[in-house]
Amino acid sequence: SPTFGSDDALWSLAYEFWYYIFLIPLLYIVSKNHAILKLVAGMLLLAGLVFVGRNIALYFIIWLLGAGVAVLGRTVKGIRSDYSRLGVWMSASLMAAVLFALRARILPSGFRGDFTLSLSCALFVWMSARDNRITKPTLVVGAARNFAGWSYSLYLLHMPLLVLIASFLAGASGQWYPDGRHLFIAIAVLLVVLAYAYLVSLVTEKRTPALRSWIEAQFRRVAPELVKI
C-alpha cells in the first residue's frame, strides 16, 4: 500500500514485517535436525519470498547482515586491539567512500548499490564491536549509546516534521542555495527535529524496557513454562 502521508521512511516497516515472519521458518531450517521440519520450513519460506515479490525478497539478504555480524562476532576471536582500532577507521572510511559513490551516482542505485553500502556498514559495525574501547565509559561511547536509545523514534518521526518545516521555510521555490544563511537555518531545523524526536521518545521508546518487563511478568504469572528465565 502507499506510504501513509509524508512519512516516506515507513516503507521499510512493510519490509521488516515480512522479515520477522521469514525468520521463523529460517530458524527452523538452521536449528532443527528433523528433515521433514526443515523441508516444510523451507517450502514455507520459499512461498513467502515468492508472495512478497522480488524487491522485498532481495532486501531480506541485507536484513540478514545484522545476524551475520552477530554470528561472526561469536566465531572470530583473537584480533589484537591495535588492529581492531585500525580496522574501525578503515571500515568507517570505506563506508563513507561507498556512501559518497552512491550519492554521486558512481555506484548503481537500487539493490546492488544498497547491498554494497550494507556490506561496508556491516564491516564497520563488526570492527567497532571488536574494539575493546567500546566497553570503557567515554564521551563518544556515552553519546553513541544515548542516540541509539532513541534512534527508532528519530527514524519514525523525522520526515513529517521536516516536510512541514520545509513547506513553511522553502516556499514556492522548493530549493535553497548552500550559502551561510541557509546552512545556519538548516542546522537549526536539524536541532529542532532531533529535540522533537528525543522528547517523544521519553514517553514512548524510553519506556520499552518497562513495558517488556511487565509483559514478561504477565507471562510468568499465567504460563511460567513458556518463559525462559
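A residue is termed buried when its relative accessible area is under 20%, exposed when over 50%, and partly exposed in between (1.4 Å probe, protein chains only). The structure is a predicted model, in which local features need pLDDT of at least 70 and side-chain atom pairs count only at pLDDT 80 or more, while totals for chains, interfaces and linings use all residues. Residues are numbered from 1 along each chain as its sequence is written, and side-chain values use heavy atoms, with hydrogens and water left out.

One salt bridge (a side-chain nitrogen of Lys or Arg within 4 Å of a carboxyl oxygen of Asp or Glu) was found in a search of the whole structure. This bridge joins the side chains of E216 and R220, at 4.0 Å from N to O. Both residues belong to helix α10 (residues 208–222) and lie four residues apart, about one turn of the helix; helices are DSSP runs of H or I, at least four residues long, numbered from the N terminus. R220 is partly exposed, with a relative accessible area of 35%, and E216 is likewise partly exposed, at 34%.

The largest nonpolar core comprises nine residues, including Y15, Y19, L45 and I56. Such a core is a set of buried Ala, Val, Leu, Ile, Met, Phe, Trp, Tyr and Cys residues joined through side-chain atoms within 4.5 Å. Two or more residues are contributed by each of α1 (11–31), α2 (35–52) and α3 (54–63), and α3 provides the largest share, four residues.

Helix α8 (residues 151–169) contains buried residues, namely S153, L157, L161 and I165.

Conventions:
Expected span 1.5 Å × (residues − 1).
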